[in-house]
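Visitor: I would like to learn how features of a structure are read from its atoms. Could you take me through one, giving the general idea and then the case at hand?

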Amino acid sequence: MQLRKGESKFEQPTAGKQAAVISRFEDIGTQETKFGDRAQCRIVYVLAELDSNGRQKRISQTLTASLHEKSKLTAVLTQILGNVPDEFDSDALIGKQVLL
């Protein structure tokens with residue numbers, strides 16, 4: 001396999017606000033972070049913007065799977081749902097429309 005710096009098969013989304021739909025919420029298990037080993041999750045968004053092949057672009061966000069009040073996941077859930085329930089079912093996010 002040959003790799004070249006700066007070469008990517010994925011097209012970057014246009015800068016600025018993007019309409020998107022949450023397509024997946026994945027548990028990616030325990031990952032090593034700068035804060036030590038942490039349970040992680042990934043949110044996958046499908047953008048309205050199309051690539052040069054006519055397919056919708058996708059982006060993802062990896063977060064620590066924590067509902068602590070200062071966690072990034074809590075901030076994301078608050079933005080999407082308006083608040084964070086004491087217990088959270090990730091299936092509730094699938095299909096939600098968001099502006100990124």
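Visitor: In which element is Gln56 found?

Guide: Helices (H or I, at least four residues) and strands (E, at least two) are DSSP runs, numbered from the N terminus, and Gln56 is found in strand 3. This is a predicted model, in which local features need pLDDT of at least 70 and side-chain atom pairs count only at pLDDT 80 or more, while totals for chains, interfaces and linings use all residues. Residues are numbered from 1 along each chain as its sequence is written, and side-chain values use heavy atoms, with hydrogens and water left out.

Visitor: What does the relative accessibility of Gln56 count as?

Guide: A residue is buried under 20% relative accessible area, exposed over 50% and partly exposed in between, with a 1.4 Å probe and protein chains only. Gln56 has a relative accessibility of 44%, so it counts as partly exposed.

Visitor: Which residues does Gln56 touch, leaving out those up to four places away in sequence?

Guide: Contact means heavy atoms within 4.5 Å, and with residues up to four places away in sequence not counted, Gln56 touches Val46, Leu47, Ala48, Glu49 and Leu50. Although Gln56 and Val46 are 10 residues apart along the chain, their C-alpha atoms are separated by 6.4 Å. A polar contact is a pair of N or O atoms within 3.5 Å; within protein, one must be able to donate a hydrogen and the other to accept it, and residues adjacent in sequence count only if both atoms are side-chain atoms. Here the side chain of Gln56 reaches the backbone oxygen of Leu47 at 3.2 Å.

Visitor: Is Glu49 buried or exposed?

Guide: Glu49, whose place is in strand 2, has a relative accessible area of 16% and is therefore buried. Its side chain makes a polar contact of 2.8 Å with the side chain of Lys57. The residues that Glu49 touches, not counting those up to four places away in sequence, include Pro13, Thr14 and Gln18 as well as Arg55.

Visitor: Over how many bridges do strand 1 and strand 2 pair?

Guide: Strand 1 and strand 2 pair in the antiparallel sense over 12 bridges, and they form a hairpin with two residues between them; Thr33 has Gly36 of strand 2 as its bridge partner. Strand 2 and strand 3 are also antiparallel, over eight bridges, and Arg42 has Thr62 of strand 3 as its bridge partner. The hairpin of strand 2 and strand 3 has five residues between the strands, and there Gly54 takes a positive phi near 85°.

Visitor: Which residues of helix 1 are buried?

Guide: In helix 1, residues 72-81, the buried residues are Leu73, Thr74, Val76, Leu77 and Ile80. They cover an arc of only 160° around the axis, which puts them on the same side of helix 1, the arc being that of the directions from the helix axis to the C-beta atoms. Lys72 and Gln79 are exposed on the other side of helix 1. The buried residues of helix 1 pack against strand 1 (19-33), strand 2 (36-50), strand 3 (56-64) and strand 4 (97-99).

Visitor: Which members of the largest nonpolar core touch the most other members?

Guide: A nonpolar core is a set of buried Ala, Val, Leu, Ile, Met, Phe, Trp, Tyr and Cys residues joined through side-chain atoms within 4.5 Å. Of the 14 residues in the largest nonpolar core, Ile22, Ile43, Tyr45 and Leu73 touch the most other members. Strand 1, strand 2 and helix 1 each supply at least two residues of this core.

Technical notes: Pairing = 2+ DSSP bridges.
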